[in-house]
Amino acid sequence: MIVRGKKRDILSSPDALARWWEEACKYHPDSNVVKGAGEPVTWDTDLLDAMKMVRMALRTLSAHVVEQHAVYEGDLEPLNEVLALGYPSLEGTGQGTMISVIRLRDAKIGAVLLPIVLFALRLFTEADWQRLYKCKNDRCVLFFYDTTKSGTRHWCSLGCMNRSRSIQHYRRTIEEKLLPIDLVNPGNPARPD
Ligand SMILES: [Zn+2]
């Protein structure tokens, strides 16, 4: 994230990861499709490191999609390794019917990472790639999925839009002050087309 103009990694410690996960689950209550998610998680540096690997893999893949580059098998490996932590399973509802659930082979890491990668799997295979964008604010690191009707959003948030616009306005003001006076119209500073 960008905080007061500076890049800050919010996943700075296992505790910070736990706080982020708690927030993320509020936005995505269906992350408990994985059996075992919701049970106490051991928040340690192993999990934090694994999470950062997944984050890097998702960033690489998102960048390839946005820049319309081909996707390489090697980019998919870290995500496939996480997907292999779970397996589809049937579960009786107790009322004579059954539902499909995903069970974990490795609950320690899978309970957090698998729901994230399952969302990514849906995003990359079912969503419209044209709607995946990198935020247009040069200093912002976020990608976002545009759900507006027109599909032409440029910024991840209103904050980024306002910051970008005020920087552009500032640059234009500076350029106008530095550019030579137009000799044909001395009253107007020359503007680049
Ligand atoms: Zn942004």
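Before looking at single residues, I note the burial cut-offs: a residue is buried if 20 or more other C-beta atoms lie within 10 Å of its own, exposed if 12 or fewer, and partly exposed in between. I also keep in mind that this is a predicted model.

**Entry: Trp155**

I started with the tryptophan in the loop between strand 7 (143–145) and helix 5 (158–178), which is Trp155. Buried would have needed 20 or more.

Next I looked up what Trp155 touches, leaving aside its neighbours within four places in sequence. The list for Trp155 reads Cys135, Lys136, Asn137, Cys160, Met161 and Ser164. I also checked Phe143, 12 residues away from Trp155 along the chain, and found the two C-alpha atoms separated by 9.0 Å.

**Entry: overall fold**

I then stepped back to the whole protein. I find five helices and seven strands, and the order along the sequence is β-β-α-β-α-α-β-β-α-β-β-α. Of the 193 residues, 15% are buried. For contacts with a separation of 6 or more, 50% join residues 24 or more positions apart.

How do strand 4 and strand 5 pair? Strand 4 (residues 86–92) runs antiparallel to strand 5 (residues 98–104), and I find seven bridges between them. I looked up two of the partners: Ser89 bridges to Val101 of strand 5, and Gly92 bridges to Met98.

**Entry: helix 2 on helix 4**

Two packed helices are described by the angle between their axes and the distance between the axes, so I looked up both. Helix 2 (residues 45–66) packs on helix 4 at about 5°, with the axes 10 Å apart. Angles under 35 degrees count as roughly parallel, so helix 2 is roughly parallel to helix 4.

From helix 2, the contact uses Leu47, Ala50, Met51, Val54, Leu58 and Leu61. Helix 4 supplies Ile109, Val112, Leu113, Ile116, Val117, Ala120 and Phe124. I sorted the residues of this contact by type and got 13 nonpolar, no polar and no charged.

**Entry: helix 3 on helix 4**

What is the angle at which helix 3 and helix 4 cross? For helix 3 (residues 73–83) and helix 4 (residues 107–126) I get roughly 125°, and the axes come within 9 Å. That angle makes helix 3 oblique to helix 4. The crossing of the two is left-handed.

Helix 3 brings Leu79, Val82 and Leu83 to the contact. On the helix 4 side I list Leu113, Leu114, Val117, Ala120 and Leu121. The tally for helix 3 with helix 4 is eight nonpolar, no polar and no charged.

**Entry: Asn80**

Last, I picked Asn80, which lies in helix 3. Why does Asn80 count as exposed? Asn80 has 12 C-beta neighbours inside 10 Å, and 12 or fewer is the cut-off for exposed. I also checked Asn80 against Leu114, 34 residues apart along the chain, and their C-alpha atoms are separated by 10.0 Å.

Notes:
Residues are numbered from 1 along each chain as its sequence is written. This is a predicted model: local features need pLDDT of at least 70, side-chain atom pairs count only at pLDDT 80 or more; totals for chains, interfaces and linings use all residues. Helices (H or I, at least four residues) and strands (E, at least two) are DSSP runs, numbered from the N terminus. Two residues are in contact if their C-beta atoms, placed from the backbone, lie within 7 Å. Two strands pair if DSSP finds at least two bridges between them. Axes are lines fitted to C-alpha atoms, for helices over the stretch in contact, and angles run from 0 to 180 degrees between N-to-C directions. Angles under 35 degrees count as roughly parallel, over 145 as roughly antiparallel, 65 to 115 as roughly perpendicular and the rest as oblique. A crossing is left-handed if the near helix is turned anticlockwise from the far one by less than a right angle, and right-handed if clockwise. Ala, Val, Leu, Ile, Met, Phe, Trp, Tyr, Cys and Pro count as nonpolar, Asp, Glu, Lys and Arg as charged, and the others, Gly among them, as polar.
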